[in-house]
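Hello,

Here is the structure I promised to send over.

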Amino acid sequence: VERNILDVAVPMITAQVLHLLYNIVDRIYIGRIPDIGVLALTGVGLCLPIISFLTAFSQLFGMGGAPLCSMQRGRGNDEAARKIMQTSYCALVITGLVLTAIGLAFYKPALYFLGASVDTSPFAEEYISVYICGSLFVMVSLGMNPFINAQGFGRVGMMTVLFGAVANIILDPLFMFWLGMGIRGAAVATVISQFLSSLWVLKFLTGETAVLKINPIKISVDIMWLKKIVSLGLSNFIMSMTNSVVQTVCNVTVKFYGGDLYVGVMTVMNSVREVFMLPLIGLTNGAIPVISFNYGAKAFGNVKRAIRFVFIAGLCYAALVWLLVLGYPEWFTRVFTNDSELISASVSALHIYFFGFVMMAGHIAGQCAFVALGKARHATFFSLFRKVLVVVPLTLWLPKLWGWGVDGVFA
C-alpha cells in the first residue's frame, strides 16, 4: 500500500511543485523589477484570490471525477469510468469558456473589491487581464491531470506540468525584460505555459497508452454522473474557494491596518505557504486513487493502512517545515524580494503565520480520506469549518484584540 501511494505521490508532488512554478516564478521575477518591484508584487498578490477562484472549478470536476473513476475501475466497470472522465472533461471545457467571459467583463471592479489601491491596481490589471485569457487551459490541465494519475500513470501526470513549468521559466525573462513587457509579459508567459500543459494532457488521454480515453471534440455529459462528480468535488471546490475568501479577507484587513506594504507581506507568505503545502497535497492526492481503488474492491484493511500512512508521513513533514521556517524565515523571504522593509515585515509575520502549520497534516489527511471514500458531506463540512467558520472570523476579530493590528491577521 505504502509503495503504491508513493509511486503515485512522488511524481504528483514533483508535478505540483512544477505547477507552482507557473505563479511562483512570476512573483520571483516581478519582485525584482527595478523601482516598482514591491508595488508590482503587491498587485499580483491582489490577483491570487481570482486565481484561486479559477482553480476551484478545476478541482470541482477533476478531484470530483477522478476518485469516482478509480472506484469504478476497482469494481471492474471501465465503461462507467470512461463516462465519468468524458463528463468531467466536457464540464471543464464549458466552465472554462464561461469563466473567461465573466472574468474579462468584471476583473476591474473585482480587484478594487479585493483591496486594490490607486498605486497597485495598474499592475494587478495588467497581470490578471491576460491570465484570465488562459482560463480554459487551466481547466483542462489541472482538471484532467487527476484522471491520468487515477489510471496509474503518475510520471505522465508529472510531465503534464513539466513542459509548461520549464517553458514559463524560459519565457518569463524573455517577455518581461528582453521584450520589455514587464508584468504583462509574466502573464503572457504563464498563459503559453498553461496551453502547453493542456496540450500534453489531451495528447495522452486521446493516445494509445491511456487505459481510458476521451473524445476532445465530443460534448457528452451524463447528468447522473455529473451530479455525483459535483457532489464529491464540492469539498475540493470549497477548499479552493475558501482559499480565495481567506486571501481576500486577509488582504483587505492587512491593507486597513498596515497599508500596501502588508499586502506585499501577505503575497510573500502565501507564496511560501503554497510551496510547503504542495508535498502535503501531493501525498494525499497520491493516496486518493489507492484508497478509492481498494475501497471499491472492498479491501478495507488496505484502506485503513493507507490513511494511517498519509497521516504519519504528513505529520513528520509538517513538523520539519515548521522548524525550517522558524529557523530561516529571512532566507525564504529573500527568494521573492530584496526590499529591506518588506523583508523585515515578512520575517516577523512568518514566525506567527507558520506556528500552527504542523496541524495541517491532520486536516489534509482527513480531507483526503473523506474524498477518497466518497463521503462528500463530511469532506465539504470540514472544508467549510476550518476556513469559513474559524479562519475568517478570527482574521476580522484578532486585529482588534489588544491592539494586535496586522499581527492579529497572521495569528
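**Helix packing**

Let me start with α4 and α7, which are roughly parallel to each other, a label that covers angles under 35 degrees, while over 145 counts as roughly antiparallel, 65 to 115 as roughly perpendicular and the rest as oblique. Helices here are DSSP runs (H or I, at least four residues), numbered from the N terminus.

A word on the source: this is a predicted model, in which local features need pLDDT of at least 70 and side-chain atom pairs count only at pLDDT 80 or more, while totals for chains, interfaces and linings use all residues. Residues are numbered from 1 along each chain as its sequence is written, and side-chain values use heavy atoms, with hydrogens and water left out.

Helix α4 spans residues 121–131 and α7 residues 182–205; they pack at about 20 degrees with axes 8 Å apart. The axes are lines fitted to C-alpha atoms over the stretch in contact, and angles run from 0 to 180 degrees between N-to-C directions. On the α4 side, the contact residues include F123, Y127 and V130, and on the α7 side I183, V188 and V191 are among them; contact means heavy atoms within 4.5 Å. By class, this contact has 9 nonpolar, 3 polar and 2 charged residues. Ala, Val, Leu, Ile, Met, Phe, Trp, Tyr, Cys and Pro count as nonpolar, Asp, Glu, Lys and Arg as charged, and the others, Gly among them, as polar.

Helix α4 has another partner in α3: their axes come within 10 Å and cross at roughly 150 degrees. That makes α3 roughly antiparallel to α4. L104, Y107, K108, L111 and Y112 of α3 meet S121, A124, E125, I128 and S129 of α4, a set that divides into 6 nonpolar, 2 polar and 2 charged.

What does α3 do at F106? It bends there by about 65 degrees, and a proline, P109, follows within four residues. The bend is the angle between axes fitted to the seven residues ending at a residue and the seven starting there.

Best wishes

Definitions and conventions. Helix = DSSP H or I, 4+ residues; strand = E, 2+ residues; numbered from the N terminus.
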